[in-house]
Amino acid sequence: MSLSPSTIEIVKATAPAVAMNAEKITIRMYEILFADFPETKELFKDAEPDQHKKLAIAVGAYAANIDNLEVLGKAVEKMATTHVRTKVKPEHYPMVGVSILGAIKDVLGDAASEEVLTAWKEAFFFLADILIAREQELYAEADTTAKA
Ligand code: HEM
């Protein structure tokens, strides 16, 4: 699976607007996430208060490199390791996905057209699939080590 050229084009075109508002978007994202999916609060119990900044930076870096994702290898590894430590599971991704899209819509207003939101949705789940796959490997490794 790869991202369609039109998705890449739209994400790149809107990346500056998202990056400029990244902190607002991530703060709104957590508001939506914790209100609509309170079960996810537990996962963030040891998170630092500025956790949203890390997510904002990650989203910005991802959007800027949407046509050159190889450069994100190290960042993916760090995110996957942290997610496994905090017990993030595949079923959490759609929760974060709808929350992040809702946040983009709320913060960007009219600039977040249906077309823009669809492109970001596709891009989000593309990254989510990469993270989920790596996290499944890490969970499996940890499981094997525990049984050895
Ligand atoms: C594509 C989607 C996602 C991206 C880009 C992302 C990004 C990040 C980043 C950059 C970090 C900091 C990593 C570090 O510096 O160690 C992080 C940590 C974390 N993420 Fe995600 N994440 C995503 C999905 C999720 C999901 C679905 C959940 C579950 C609700 C989640 C929960 C967490 C938690 C609990 C932490 C650790 C917080 C802490 O204890 O400091 N993330 N994520």
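**Helix labels and their cut-offs**

Analyst: Helix α1 spans residues 5-20, 16 residues in all. From first C-alpha to last it reaches 23 Å, close to the 22 Å expected at 1.5 Å a residue. The expected span is 1.5 Å times one less than the number of residues. Helices here are DSSP runs (H or I, at least four residues), numbered from the N terminus. The model is predicted: local features need pLDDT of at least 70, side-chain atom pairs count only at pLDDT 80 or more, and totals for chains, interfaces and linings use all residues. Residues are numbered from 1 along each chain as its sequence is written, and side-chain values use heavy atoms, without hydrogens and water.

User: Where is the kink in α1, and how is the bend defined?

Analyst: The kink lies at Thr14, shortly before Pro16, and is about 45 degrees. The bend is the angle between axes fitted to the seven residues ending at a residue and the seven starting there. Thr14 is also buried.

User: Why are α2 and α5 called oblique?

Analyst: Their axes cross at roughly 130 degrees and come within 8 Å. Angles under 35 degrees count as roughly parallel, over 145 as roughly antiparallel, 65 to 115 as roughly perpendicular, and the rest as oblique. The pair is therefore oblique.

User: What makes Lys87 count as exposed?

Analyst: Its relative accessibility is 55%. Exposed means over 50%, buried under 20%, partly exposed in between (1.4 Å probe, protein chains only). So Lys87 counts as exposed. Lys87 lies in the loop between α4 and α5, with a positive phi of about 65 degrees although it is not a glycine.

Key. Helices (H or I, at least four residues) and strands (E, at least two) are DSSP runs, numbered from the N terminus. Axes are lines fitted to C-alpha atoms, for helices over the stretch in contact, and angles run from 0 to 180 degrees between N-to-C directions.
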